[in-house]
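The following note is intended for a colleague who is meeting this structure for the first time. Its points are numbered so that each may be checked separately against the model.

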Amino acid sequence: MPEAPSSRDLVGSLEKGLGVLEILAAHPAGLTLTETAERAGLTRAGARRLLLTLVAAGHAVQSGRLFVLSPRLLSLARIWLEGTSLWSFAEPFMREVASEMNESCSAAVLSGHDVVYVARIPGARIMRVSLQVGTRLPAYCTSMGRVLMSGMTQEQLADFLGGATIEPNTPKTITDRREIAQKVRQAAEQGFAMVDEELELGLRSLAVPVHDRQGVVVAAINVSAQSARFSVADMERTILPPLKRAAEKIEDFFAVQ
């Protein structure tokens, strides 16, 4: 493991600026200077300098009192995604699953307390939640999130859930941290996670882990389907086998890197 950098090696202003970027990304309609300062825990003067720097660099624009991220960040994201050969390689296997099931197939990694989509093959069905590469969703109520958490130790999981904001998305969302931890442990034991209408009513999702060559869970792939089309038993019987095969093929690629 690389040594953790000491505080003198870190650039505090850059860290604060990246924090402001994340805050603006979470508010696409824009924020005022005061709102940004409050959310970032900064003084108005400090937030103003960071916002104006982002505007000068082309990463944000100012419209009246509002500051909004600019499309330039999309270009950066596209450049980064084009360089991620793993997921370019994985997409054909995911496409096989999506085609066979006639449902969407996605891949995600953990980032903070969220899952971030790194690849997605859309299905023919329409969901209320709009998903695409770069979409962030809370880990606690998603099948891929629970699979990714299944690689944590008991202490790591307790810390993770303790720091997460947990709230109901639907009447079926599990919000009790002990019950979520139990679901995560179940995912670790059975090798997959099923989430039934916790993110969106009418939507079921099944995910399996993707391991690196050391056996560490580094990603997850899933299939999401309308509950009217697949019961829980149907998903385990028909979707789980091809999804596991796709994960194994992606892991084979990891092994030769």
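1. Two strands are said to pair if DSSP finds at least two bridges between them. In this sense β2 (60-63) and strand β3 (residues 66-69) are paired, running antiparallel over four bridges. One example of a bridge joins alanine 60 to leucine 69 in β3. The model is a predicted one, and the remarks below should be read accordingly.

2. As an overview, the chain has 257 residues, of which 42% count as buried. Its secondary structure comprises nine helices and nine strands. Among the contacts with a separation of 6 or more, 56% are between residues 24 or more positions apart in the chain.

3. The strands β2 and β3 also form a hairpin, with two residues between them. Glycine 64 is in the turn of this hairpin and has a positive phi of about 65°. Helix α3 (residues 44-57) lies across β2 and β3, and the helix runs at about 110° to β2.

4. What is the order of the strands in the open sheet of three? The order is β1-β3-β2, and the pairing is antiparallel. The edges are taken by β1 (31-32) and β2, each of which has a single partner strand, so one side of each is left without a neighbour in the sheet.

5. The helices α1 (residues 12-25) and α2 (residues 33-40) pack at an angle of about 115°, and their axes are 10 Å apart. The crossing of α1 past α2 is right-handed. On the α1 side the contact involves Val20, Ile23 and Leu24, which meet Thr36, Arg39 and Ala40 of α2. By type, the residues of this contact comprise four nonpolar, one polar and one charged.

6. As a general point, strands of a sheet pair through backbone hydrogen bonds, either parallel or antiparallel.

7. Alanine 108 is placed opposite tyrosine 117 in β5. The hairpin of β4 and β5 has two residues between the strands, and in this hairpin glycine 112 takes a positive phi near 65°.

8. Is strand β5 (residues 114-121) largely enclosed or left open? Seven of its eight residues are buried, so β5 is largely enclosed by the rest of the structure. Valine 116 stands opposite arginine 136 in β6.

9. Toward the other end of the strand order, β8 is joined by nine bridges to strand β9 (residues 217-226), again in the antiparallel sense. Arginine 204 stands opposite alanine 225 in β9. The loop between β8 and β9 contains glycine 215. This glycine 215 has a relative accessibility of 45% and therefore counts as partly exposed. Along the chain, glycine 215 and glutamate 251 are 36 residues apart, while their C-alpha atoms are separated by 9.3 Å.

10. Which loop holds glutamate 197? This residue has its place in the loop between β7 (193-196) and β8 (203-211). Buried means under 20% relative accessible area, and glutamate 197, at 14% relative accessibility, therefore counts as buried. Not counting residues up to four places away in sequence, glutamate 197 touches Thr170, Lys172, Gly202, Leu203 and Ser227. For Gly202 there is a further detail: the backbone nitrogen of glycine 202 lies 2.6 Å from a polar atom of the glutamate 197 side chain.

Technical notes
Residues numbered from 1 in each chain as written. Predicted model: local features only at pLDDT ≥ 70, side-chain atom pairs only at ≥ 80, totals over all residues. Heavy atoms only, no water. Axes fitted to C-alpha atoms, helices over the stretch in contact; angles between N-to-C directions. Left-handed = near helix turned anticlockwise from the far one by under 90°. Contact = heavy atoms within 4.5 Å. Nonpolar A, V, L, I, M, F, W, Y, C, P; charged D, E, K, R; others polar. Buried < 20%, exposed > 50% of the residue type's maximum accessible area, 1.4 Å probe, protein only. Polar contact = N/O pair within 3.5 Å; in protein donor to acceptor, adjacent residues only side chain to side chain.
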